[in-house]
Amino acid sequence: MDRNYKIGIIKGDGIGPEIVNEGMKVLDALSANMGFNIEYHEMLLGGLAIDETGVPLPNETIQGVKKCDAVLFGAIGGPKWDNLERHLRPESGLLGLRKEMGTFANLRPAIVYDELVNASTLKANVIKGVDIMVVRELTGGIYFGQPRELLEDKAYNTMIYTKEEVSRIAKIAFEIALKRDKRVCSVDKANVLEVSQFWRETVIEIAQDYPEVELTHMYVDNAAMQLIREPKQFDVILTGNIFGDILSDAASMLSGSIGLLPSASTGKGVGLYEPIHGSAPDIAGQGIANPLATISSVSMMLKYALNEEEASVKIDNAIKKALANGYRTGDLSAYDAKEICSTSEIGDIIANYVCKS
Ligand code: IPM
Ligand code: MN
């Protein structure tokens with residue numbers, strides 16, 4: 001098999017460049033060590049794209065990503081661009097890119113590392129062993145629904161889901177569940193919203209094709225509460241765009257820091273791999289951001305996009321080993337830290353470990 005990979009790189013704003021550099025460092029170490037080749041294509045998105053080209057999603061980026069095998073993305077946005085009109089803001093660039101790429105399935109694993117079981121604000125016995133996969137619909141729902149408008153005396157957005165949109169994300173959740181504990185919890189607000197009732201009915205239909213998977217339903221408000229109360233009850237959480245956005249942030253705190261959680265956005269073609277956190281402008285440029293969510297996103301890329309499963313496992317093991325050895329960035333400094341490391345020091349440690357394993 002051809003093991004020459006074209007990887008799109010979108011560093012973005014805030015801490016984006018710092019964390020993506022560490023992801024690339026680890027990928028370079030692995031490619032040298034495991035005999036595959038990486039060719040990088042750097043592209044613009046978000047605030048930097050606005051500064052350099054006037055728009056958050058330049059045409060070159062839309063065209064560029066299509067030529068890649070996968071895209072690694074950092075984060076976008078910051079106070080500098082907060083007062084722009086909505087369609088010119090950095091966030092619109094990211095949403096537009098997801099839509100253009102057709103990455104409708106956003107996989108957000110929330111895993112609690114044993115080494116960090118004391119890093120959570122929750123009790124160790126509640127979170128030890130948590131392993132949840134949030135499957136978030138990413139290119140539909142209220143984020144994209146028309147009509148939408150901001151007027152003088154009112155504003156509105158529309159939450160729409162089509163049969164096709166719900167069916168295809170539900171299938172992905174069931175397929176993932178088959179490889180895990182075979183349980184899907186579909187999260188909606190069917191007691192209030194027609195769109196959620198439709199979501200639920202469609203998920204039930206798709207479930208007929210997956211008799212081995214146990215399907216349950218939960219209202220989103222209850223799901224938020226249950227995630228904190230007893231997170232181990234969940235295996236796969238299947239949900240829409242905005243509920244998934246909110247619940248995955250909540251789920252990230254089970255692991256101790258949002259700086260740990262990766263994501264993979266897949267769907268029609270090229271996949272987008274990114275940490276679930278934002279651009280953290282308050283700590284940008286200081287070299288203290290946690291790069292593990294990005295490095296872990298590289299692991300997901302190797303597994304899902306490049307079929308380099310062994311390399312992916314090496315990253316996962318290296319992260320566990322670094323945590324077990326007490327290496328921490330500042331966000332985790334209070335939790336059994338033996339050494340507080342900078343962003344690039346953590347990258348060096350992981351790059352070193354993946355070569356030795
Ligand atoms: C995320 C982010 C984005 C989202 C923003 C930056 C548009 O919060 O990836 O979770 O809401 O999807
Ligand atoms: Mn979010």
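Guide: P147 is placed in the loop between β5 and β6 (149–150); helices (H or I, at least four residues) and strands (E, at least two) are DSSP runs, numbered from the N terminus. This is a predicted model, in which local features need pLDDT of at least 70 and side-chain atom pairs count only at pLDDT 80 or more, while totals for chains, interfaces and linings use all residues. Residues are numbered from 1 along each chain as its sequence is written, chains are lettered from A and ligands numbered from 1 in the order in which they are written, and side-chain values use heavy atoms, with hydrogens and water left out.

Visitor: What makes the peptide bond from Q146 to P147 cis?

Guide: Its omega is near 0°. Most peptide bonds are trans, and most residues other than glycine have a negative phi. A280, not a glycine, has a positive phi of about 40°; A280 belongs to the loop between β12 (271–275) and α10 (292–304).

Visitor: Why is the pair of R180 and D131 called a salt bridge?

Guide: The term requires a side-chain nitrogen of Lys or Arg within 4 Å of a carboxyl oxygen of Asp or Glu. In R180 and D131 the closest N and O atoms are 3.3 Å apart, so the pair qualifies. R180 lies in the loop between α6 (163–178) and β8 (183–188) and D131 in strand β5 (residues 131–137), so the bridge ties together parts that are 49 residues apart in sequence. The whole structure has 18 salt bridges.

Visitor: On what basis is the chain divided into domain 1 and domain 2?

Guide: The bounds come from an automatic or database domain assignment, which gives domain 1 (1–104 + 262–357) and domain 2 (121–255). Their centres, taken over C-alpha atoms, are 24 Å apart. Contact, meaning heavy atoms within 4.5 Å, takes ten residues from domain 1 and 14 residues from domain 2.

Visitor: How much area is buried between domain 1 and domain 2?

Guide: About 1,100 Å² is buried, with carbon and sulfur atoms giving 66%; this is the accessible area (1.4 Å probe) that two parts lose on being put together, summed over both. In domain 1, K99, F104 and I276 lose the most area to domain 2, together 54% of what that side buries. Between the domains there are zero salt bridges.
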